Amino acid sequence: DESAVAAESDEDRADAQVVSTTILSPSVSVFGTARYMTFGFDSATGLMRDFDSLLVGVGCELAMAKGLRGGATFGVQAQDYDDPGIDSESVPYVNLWLRGQTIPSTRLTGEVTHGLRDSDAYPYASQEYTDVRALVEWDASPRVTLSASGTYSRSDYDGASPSGTLPVEDGREDRYIAETSVAYNFSSTTSLTLSQRHEDLDSDVGESFTKNTTRLVFGREF
């Protein structure tokens, strides 16, 4: 909405993904995946931050015990930039996850992801990131669900910048997010959720900040 920001940072993104899964047994499945992503950024000064990304990976999912499943995806992610001044790059892609249910009313999720994605900092085009997330959900009663989650995200930016900008340095961002919520389920299809989110960003390449967000969400499934 801020015109000066929109002129340089409005973004279009399109994704396409194909996944093929083979079930080897009731407790083991393997899969292959390919995902193509394209990103386009507006620029009032003609900077080319656009790029295409291709991810190819293989993985498996295991039922480790009753109520406990885990999985992993390993692959490579390559990005090709429209600006000839930015070299194409590729990094390993890793996604590890674990989901459990200790008792019928408690659910636990843990996940780690490493790869490439679009930039959160101007004028960089992309970032190499590692996300670590944990989530706990507890059905305190048939109608009330409590949840808490924590996320740590590290982003690494290299010094490559689009042609026409001043040289930029390598940099890093560390983002910490903690969120709690309480949901009241009026029925199996209708709920009201109150959540509180705290975010702390420590950045070498942009503004560092702390932000608190409160949300009230009415949900209806059809």
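Me: Which element gives the most to the lining of the second largest pocket?

Reply: In this predicted model, β6 gives the most to that lining, with four residues.

Me: What volume does the second largest pocket have?

Reply: Its volume is about 190 Å³. A pocket is an open set of points on a 1 Å grid over the protein atoms alone, where a 1.4 Å probe fits, with protein on both sides within 12 Å along at least five of seven lines; lining residues have an atom within 4 Å of a point.

Me: Which lining residues are the closest to its centre?

Reply: Of the 13 residues that line the second largest pocket, Arg13, Arg35, Leu116, Arg117 and Tyr129 are the closest to its centre.

Me: Changing topic, what is the volume of the largest pocket?

Reply: The largest pocket has about 390 Å³.

Me: And which residues are the closest to the centre of that one?

Reply: Arg133, Ser149, Glu179, Arg197 and Arg215 are the closest, out of 22 lining residues.

Me: Which elements give two or more residues to this lining?

Reply: These are β7 (126-139), β8 (144-157), β9 (171-185), β10 (190-203) and β11 (209-220).

Me: Which element gives the most to the lining of the largest pocket?

Reply: That is β8, with seven residues.

How values were computed: Residues are numbered from 1 along each chain as its sequence is written. This is a predicted model: local features need pLDDT of at least 70, side-chain atom pairs count only at pLDDT 80 or more; totals for chains, interfaces and linings use all residues. Side-chain values use heavy atoms; hydrogens and water are left out. Grid points are joined across faces, edges and corners, and a volume is the space filled by probe spheres set on the points.
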